[in-house]
Each structure stands twice: as structure tokens, then as C-alpha cells.
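Biologist: Hey, could you walk me through this one? I'd like to start with the sheet and then look at some helices.

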Amino acid sequence: MTELEQKGQGALVPSGWDYVPAPESREIVRIDERYGHFVGGEWLEPRETYTTIAPASEEPLAEVGQATPEEVQNAIATAREAFDNGWSALPGSERAKYLFRIARILQERSREFAVLESLNGGKPIKESRDVDLPLAAAHFFYYAGWADKLEYAFPNRRPKPVGVAGQIIPWNFPLLMLAWKIAPALACGNTVVLKPAETTPLTALLFCDVVRQAELPAGVVNIVTGDGRAGAAIVDGDVDKIAFTGSTEVGKAIQRQVAGTGKKLTLELGGKAANIVFDDCALDQAVEGIVNGIYFNQGHVCCAGSRLFVQESIHDDVVEKLKRRMKTLRVGDPLDKNTDVGAINSRAQLERIRELVAAGEEEGAEIYQPPCRLPEQGYWFAPTVFTNVAQSYRIAQEEIFGPVLSVLTFRTPAEAVEKANNTPYGLSAGIWTEKGSRILWMAERMRAGVVWANTFNRFDPASPFGGYKESGFGREGGRHGLEPYLEFQS
Amino acid sequence: MAQSPVLARGFELPLEPRLPRIGSVDAVALEARAESLAKRSIKKEAKLFALELAIRMTDLTTLEGADTPGKVHALATKAVRPDPSDESIPSCAALCVYPNLVPTAVARLRGTGVKVASVATAFPSGQSPLDGKVRETEEVVAMGADEVDMVIDRGAFLSGRYAKVYDEIVQVKRACGEAHLKVILEVAELGTYDNVRRASLLAMAAGADFVKTSTGKLSGAATLPVTLCMLEAIRDVYEETGRMVGMKPAGGIRQAKQAVQYLVQLYETLGAEWLTPDLYRIGASTLLNDVLMQIRKERTGRYQSPDYFTVD
């Protein structure tokens with residue numbers, strides 16, 4: 001397995017150490033051949049279907065429904081009925097019981113969900129196992145705790161549920177985004193119609209099984225699948241609130257569509273986060289943070305640290321260390337427990353990444369990709385870093401949503417702030433320095449919803465998340481995350 | 001601190017083209033990285049490769065007041081042939097003993113390829129006058145020790161007398177002559193990863209061939225994060241000077257599974273070039289039998305009773 005080569009004084013030293021494949025078994029999860037829409041606690045036969053695939057192999061996994069406007073309206077009507085007939089009047093402590101139950105079932109079935117998430121979405125199993133699933137369960141636990149304490153969260157404001165929430169979620173963290181949406185909505189006494197992303201419907205459909213197992217009253221959670229047409233039907237429908245996570249382009253369209261309708265709206269959109277590295281940082285840990293910031297989940301992260309600002313005095317050291325570290329990234333089978341970077345989620349996304357990377361090369365940035373063998377089947381893109389990037393390049397301005405990092409430099413903290421804020425987005429930012437006072441000075445000036453210091457891409461249900469500017473509005477997580485799902489009377 | 005190399009093996013802390021960077025360590029992120037590397041799933045041939053390598057890297061150690069020539073002779077024999085029933089199992093790298101037992105170890109190990117390592121410099125505390133430390137080093141080398149495991153003076157380090165620590169290492173290194181010098185930092189007493197990094201750089205600048213975590217005499221011995229911290233310092237020295245310094249975690253590594261985790265961390269931090277007993281050692285006494293047991297399990301698919309592995 002390991003090649004031995006002759007070195008120096010005749011000693012044999014290994015030229016490498018091949019980890020043999022360590023795939024997580026697919027046996028644990030059963031995928032049906034065909035799924036309908038989950039409405040009123042029942043599976044409804046869909047009128048139209050499409051095939052969902054595994055992006056790592058392009059293997060077809062199942063036929064799922066493409067919801068028509070009528071099917072969506074039926075789901076919304078069912079949610080309305082469930083809202084009026086009991087759920088909204090249920091004491092908070094009773095709603096909490098259901099949410100706690102869902103959280104526990106998610107924990108119990110976490111391996112099954114993790115395997116399915118990696119299979120349908122392409123993300124490495126170590127991430128779905130160690131990040132997506134624990135956080136999804138944590139969200140249900142957290143909001144279960146608020147369900148009977150809403151009066152204390154908003155004293156003297158008499159919080160009431162909004163009604164039916166229409167929720168549209170993205171493909172980068174399918175189950176986790178479902179948890180972010182459903183947990184606070186239910187805790188506040190709303191019912192929901194949720195549409196998972198077109199390319200990643202399977203964990204949401206498996207979640208319907210959890211809903212049944214938890215004996216949630218029929219119609220409280222309804223799940224319809226399909227592409228943007230189904231999403232548009234939700235936005236158009238008789239819902240009281242829209243919660244959308246996805247691209248800025250679609251977010252703007254939704255905002256135009258709901259203008260004047262009185263529907264409440266929260267949007268969590270794109271980002272082009274600045275990760276700012278000062279010369280007094282803990283260098284090796286900062287490099288880990290840069291890698292985690294951009295290559296985590298193949299860079300399919302709205303808050304990914306895709307613009308790296310390095311203080312000029314340490315630019316060469318950081319880039320050298322970064323390239324060295326990139327060589328150890330293991331790209332491949334998402335189900336292999338040793339995989340660090342998985343498959344790109346879809347062909348369309350791969351094409352967008354390719355287009356922007358080509359633009360970067362054309363504009364004059366210097367590209368580096370570590371040597372790695374990409375599988376022939378499926379959608380793959382090697383971890384990429386661009387140096388010599390100017391602020392005006394497309395790769396420094398547009399969201400790539402892939403494993404592509406642009407390195408820029410700065411000289412002083414004030415310059416770092418100015419350049420970092422010079423973007424239409426404002427979702428997150430990272431600061432790397434050992435100097436506490438500088439962290440506070442920078443954080444005060446960053447126009448971003450989340451600012452991480454000496455870490456990146458760290459989430460907690462108790463911490464509100466959301467954007468400035470074109471990254472959206474409204475907050476999810478924490479006490480703030482309850483507000484969009486409540487009406488107040490004072 | 002020294003402005004010029006004191007010894008051929010030493011190096012100058014570079015002032016050009018940039019300021020010397022001791023740097024710092026972020027504890028939370030360091031521990032997170034160590035934890036994530038420890039989750040690698042190493043199976044089958046990859047695991048056998050690691051287990052076999054772990055044996056070749058083991059400094060089989062006995063450091064007790066009760067050590068006798070009989071005990072050292074038995075352990076030396078074990079180091080040469082860890083598994084008498086299996087020809088394919090390699091020898092350990094070295095046997096590590098107290099100075100008085102060096103002659104016994106040398107007598108048994110001459111010509112076997114297994115090195116003799118001796119602790120020295122008022123092990124384990126290092127709280128003695130320098131003359132005695134230098135003399136002790138000269139004596140163990142004269143008795144035939146191939147390697148010297150010295151301790152740094154933590155009292156001097158923690159009170160900020162870095163020059164004293166540096167100077168002692170330089171003198172002991174000189175006393176070593178041809179013998180290899182491993183410098184024990186006793187990380188459990190240093191308190192922070194920043195200190196571990198500083199002490200590692202100090203030891204390497206003074207000419208250490210290896211840096212080593214612990215004496216094994218305290219409860220907080222080698223851990224994955226502290227070893228990673230030292231590997232990163234070694235990597236920085238390599239990138240700055242081209243010099244390859246060895247690493248030896250010691251104390252608390254008792255199971256084959258841990259040894260594999262340490263080797264994964266080594267491989268993914270310093271690369272394949274460091275996967276050799278010339279540059280990495282594991283200081284351990286009880287680890288060996290667990291590794292032997294795991295190798296037999298990997299090959300036969302079954303665990304055998306501990307009674308089938310010799311206790312020495």
C-alpha cells in the first residue's frame with residue numbers, strides 16, 4: 001500500500017501513508033423510490049415529479065414531487081386549518097413537549113439523517129455528523145425551551161402567533177435550515193408550509209417521519225417539494241409570513257412580490273465575508289480558521305470567509321502556510337469518514353464556480369490548486385486560492401458559493417475596515433489577532449451581522465444570525481429569532 | 001538571546017528580512033484542530049502500517065527507583081524482539097533508562113540496532129547546579145548512551161530567565177558530543193501553549209535534536225494538542241532554517257489507538273518525511289503490548305488474551 005523509497009543512508013522511509021477508504025454505511029437509511037407531498041400528516045400523490053440525485057456520483061436516488069400552485073394552496077389551507085383548530089391555542093408547555101420530542105428523535109436517528117444529508121447534498125459525512133445534525137437537534141431543544149416563556153421574552157407586549165408561515169430553504173444545510181425555520185415557528189404557535197431546495201429534498205422528507213413519530217398534530221408541519229415555481233406559489237399563497245434563505249437575487253424578487261400584501265418577511269441572503277488576519281495573530285490557528293472559513297461545506301456557506309484580508313507584512317507566510325495546509329485536504333467521497341471536502345451540490349453550481357474562477361484568471365489573479373485527484377463521475381471542484389487579487393475583480397465582489405478564496409492585503413486596521421465593508425453584502429466577518437482591544441475596535445466598525453474573533457463558521461442556537469445590506473434582514477436564532485414569528489399587542 | 005550561532009547545530013534567530021517571530025498559540029483553535037485530526041478513521045492496511053511504525057518509533061522506557069539490572073535486561077530483550085512468536089515484528093527504536101542502568105542496557109543492546117537512551121541533568125526536576133548536569137551527561141555518554149534525554153530548568157523558564165535555560169541546553173548539547181539530545185520541556189509545568197511554543201523554539205535554537213513533552217513523572221503528560229503545538233514550532237523552524245528537528249511525545253500514551261492518532265497528527269502536520277524513528281519517537285512502557293495485540297487482531301480478525309504477550 002505504501003511505496004517505500006530509498007533515502008540517505010539506505011534507510012527506507014515511506015513516501016506517504018494512504019488511508020484506506022473508510023465509508024460510512026448507507027444501509028442505515030432507507031430511501032423510497034418515490035415521495036409525494038406531506039400535507040395534513042399524510043403523503044399526497046404528486047401530479048408531477050422529478051428525479052433527485054447524489055451529486056457525488058450523479059446516481060438517481062428518488063422521484064420527488066414538483067408541487068403545482070394548487071398543491072401548494074392545498075398545503076397552505078391545511079396549515080391554516082391546523083392553526084385555527086387547536087395548535088395556536090395549545091399552551092406553550094404542550095407545544096414544548098412536541099419540540100423536545102422532535103429534538104430527541106433527531107438525536108436518536110442522527111446517523112441515518114447524516115448519511116442521507118451527505119448522500120443527497122454531497123457534503124462530507126464528518127460535517128453532517130458533527131455539525132449539521134447536532135446543531136439541528138440543538139435548535140429544537142433551544143426553541144422548545146422558549147415555547148412557554150414567550151411572555152417573559154417580550155414582557156408586556158402580549159406575544160401572539162402570526163399564523164401560517166411559508167418557509168423556503170436552501171441546499172447548503174438542508175436539515176439545519178429546516179430546523180432554523182420550523183423550531184421557532186412552532187415554538188411561537190404557528191403552523192408551517194416548508195419547501196426544501198430542489199436539489200436536496202430528502203432529509204426534509206425523512207423529517208416527515210420524525211413529525212409522525214413525535215405525534216405532532218396533523219397539518220402543523222407540511223412539506224412540499226419542487227423548484228422555484230413551488231417557492232413562488234408559497235410566496236403568493238395565503239400565508240402570514242415568509243421566511244426565505246437563499247440567493248440575493250431571489251430574495252429581491254420575493255420582496256417585490258410581497259410588497260403591499262402585509263405579509264411579514266425575513267430574508268437571509270448571500271454574503272462575501274471578510275476574514276481579516278493581523279500580523280500578531282496565532283498564525284497556525286488562523287490558517288486553520290481560513291481553511292475552515294472557506295473550504296467548510298465546499299464553500300457552500302452564505303457566511304463563508306471568501307475574502308481573506310492579510311496584513312501585508314505577513315502575506316507571504318500566510319499564503320505559504322495556507323498552500324501547505326491545502327495539500328492535506330482530502331477531497332472525495334462524501335460518505336468517507338476521512339473526507340474533508342465533498343462534492344459540489346449541483347451541475348448548475350459547478351458551472352457558476354467555473355465561470356467565476358475563469359473570470360478571476362482572466363482578470364489577472366494568480367490561481368493555486370493543490371494536487372488532488374477528483375472523481376470522474378459527479379460534480380467536483382478542487383480547493384482554490386487566488387492571490388494578487390484586486391478589490392475590483394469579480395472574484396472579490398461576487399459571491400462564488402464554492403471552495404474559492406481570494407486573498408487581498410491591507411496595511412492598517414482602518415484600511416482593513418474600509419476594504420472589508422466595501423461590499424454590498426454584510427453577513428459575517430472574521431478577525432484574527434491576539435490583541436483583545438483590537439478585536440473590540442474592529443467589531444464595532446464591521447458592518448456585518450456576525451463577527452467572529454479567532455474562530456469562524458461557529459454557530460449556536462442561542463446566538464442570533466442575520467445580515468446587513470443585501471445579506472438580508474431579520475434574525476434567526478436566539479430570542480431575536482422568535483420575533484419574526486410573533487405579533488404583539490400593547 | 002544569542003545573536004550568533006553558538007554551535008554548529010544551533011541557529012541564529014533571524015532578524016532579516018523580518019523581525020523574529022516567536023508567535024503565539026490560540027488554545028481553543030489548537031485543541032479543536034487536534035480533536036478533528038483524532039477523528040480520522042484509520043483501518044486495515046493503513047492501520048497496520050501505523051502500528052508497525054509505532055513499534056519502530058517506541059522508546060521503551062523504565063524510569064523507576066526500583067529499576068534493577070534484571071528488569072532492564074528483560075526490557076532490553078523485549079525492545080529487540082517485542083514478539084518472540086512473530087519474526088515480522090520490528091524492534092523498538094531505543095530503550096530509555098536512568099544513568100546507573102546504562103551499562104546494563106548497553107551490554108544487552110550492542111549490535112542490535114536498538115539505541116540506548118539515558119535521562120540526565122537531574123531528571124526529573126532539573127533543579128541542580130549546571131556543573132553536575134554537564135558531568136552527568138558526559139558520564140552517560142562515556143558509558144555508551146547513544147541518546148540523552150535532558151530536562152529544562154522549569155524554575156528558570158517560569159521566572160523569565162530564558163538565557164539560563166538556553167545556556168544550559170547549549171552546554172549539555174556540547175557535553176553530548178555525538179550523542180543525540182532530546183530536550184524535555186515538561187509541558188504540564190509550563191502552564192500555557194504559548195510557553196510550550198517558546199520553550200520549544202528556545203530548545204531548538206540551542207541545538208536540540210528532539211523536543212520532548214514530558215518526563216512521565218507528572219499526571220499531565222503528553223496530549224494531542226500540546227504535541228501539535230510543538231510540531232507546529234518544529235515546522236516553523238524547518239521552514240525558517242531547513243533544519244529537521246525530531247518530536248517525542250511521552251507519558252500517557254498507552255493504547256494503540258492513541259499511537260495511531262499521534263501518527264496521523266504527525267503525518268498531516270509535518271508530512272511523510274517525518275514518518276521515521278530518526279525524527280519521531282513515542283516514549284512509552286505499556287503501549288507496546290497493546291500495539292502487538294492490535295496487530296495480531298488486524299491480521300487474524302480476533303483478539304487474543306493478554307497472556308499471549310510477554311510482560312517484562
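Biologist: So what strand order does the open sheet in chain A have?

Modeller: The order is β15-β16-β17-β14-β13-β18-β19, seven strands with mixed pairing. Strands are DSSP runs (E, at least two residues; helices are H or I, at least four), numbered from the N terminus, and two strands pair if DSSP finds at least two bridges between them. This is a predicted model, where local features need pLDDT of at least 70, side-chain atom pairs count only at pLDDT 80 or more, and totals for chains, interfaces and linings use all residues. Residues are numbered from 1 along each chain as its sequence is written, with chains lettered from A and ligands numbered from 1 in the order in which they are written.

Biologist: Which strands are at the edges?

Modeller: β15 (366–368) and β19 (450–453) of chain A, each pairing on one side only.

Biologist: And how do β13 and β14 of chain A pair, parallel or antiparallel?

Modeller: Parallel, over four bridges, with β13 at residues 274–277 and β14 at 307–311. A:A274 stands opposite A:R307.

Biologist: Switching to chain B: at what angle do α3 and α4 pack?

Modeller: About 35°, with their axes 9 Å apart. Axes are lines fitted to C-alpha atoms, for helices over the stretch in contact, and angles run from 0 to 180 degrees between N-to-C directions.

Biologist: Which residues of α4(B) make that contact?

Modeller: B:T104, B:A105, B:R108 and B:L109. Contact here has residues' C-beta atoms, placed from the backbone, within 7 Å. On the α3(B) side, B:V72 and B:A76 are among them.

Notes: Contact = placed C-beta atoms within 7 Å.
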